[in-house]
Amino acid sequence: VSIAVKKGISYKKIQDICLEQGGDILKSVHFIEQYLGDKIQPGFIGLVFSCHYQSNVRTLREDEVSAVHERILQSLTRDLAAIRR
């Protein structure tokens with residue numbers, strides 16, 4: 001996942017929203033990198049992280065993972081004014 005958020009928003013807050021929205025199938029959220037640069041608007045930072053989806057009882061279908069992933073991105077956009085990259 002690659003997003004831009006306003007400076008000052010903690011990664012912990014982003015991780016908490018992801019885990020809350022991810023339900024039972026989101027097992028972990030891992031920070032990969034933070035970046036600044038010409039492609040990031042002033043006052044924002046770019047963040048890259050990965051989401052690990054898994055079920056202990058069955059194989060997950062792509063459509064259900066996509067729906068949860070989209071719900072996470074919508075929450076980040078709505079709650080933190082995050083910009084998808």
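Analyst: This is a predicted model, and the chain has two helices and four strands.

User: In what order do the elements run from the N terminus on?
Analyst: They go β-α-β-β-α-β. The C-alpha trace spans about 45 × 25 × 20 Å along its principal axes.

User: Which residues touch the most other members of the largest nonpolar core?
Analyst: That core has 22 residues, and those touching the most other members are Ile3, Val5, Ile14, Cys18, Phe49, Tyr53 and Leu76. Two or more residues each come from strand E1 (2-6), helix H1 (11-22), strand E2 (26-35), strand E3 (44-53) and H2.

User: And which element gives the most to this core?
Analyst: H2 does, with six residues.

User: What does Ile3 touch, leaving out residues up to four places away in sequence?
Analyst: Quite a list; among them are Ile14, Phe49, Leu73, Leu76 and Ile83.

User: Switching topic to Glu64: where is it, and is it buried or exposed?
Analyst: Glu64 lies in helix H2, residues 62-80. Glu64 counts as buried because its relative accessibility is 15%, and the cut-off for buried is under 20%.

User: Which side chain does the Glu64 side chain make a polar contact with?
Analyst: The partner is Arg58, at 2.8 Å. Beyond four places in sequence, Glu64 touches Ile25, Arg58 and Thr59.

User: Last one: how far apart are the mean positions of the positive and negative charges?
Analyst: They are 4 Å apart, for 12 positive and 10 negative charges.

Note on methods. Residues are numbered from 1 along each chain as its sequence is written. This is a predicted model: local features need pLDDT of at least 70, side-chain atom pairs count only at pLDDT 80 or more; totals for chains, interfaces and linings use all residues. Side-chain values use heavy atoms; hydrogens and water are left out. Buried means under 20% relative accessible area, exposed over 50%, partly exposed in between (1.4 Å probe, protein chains only). A polar contact is a pair of N or O atoms within 3.5 Å; within protein, one must be able to donate a hydrogen and the other to accept it, and residues adjacent in sequence count only if both atoms are side-chain atoms. Contact means heavy atoms within 4.5 Å. A nonpolar core is a set of buried Ala, Val, Leu, Ile, Met, Phe, Trp, Tyr and Cys residues joined through side-chain atoms within 4.5 Å. Lys and Arg count as positive and Asp and Glu as negative; His and the chain ends are not counted. The place of a charge is taken as NZ of Lys, CZ of Arg, CG of Asp or CD of Glu.
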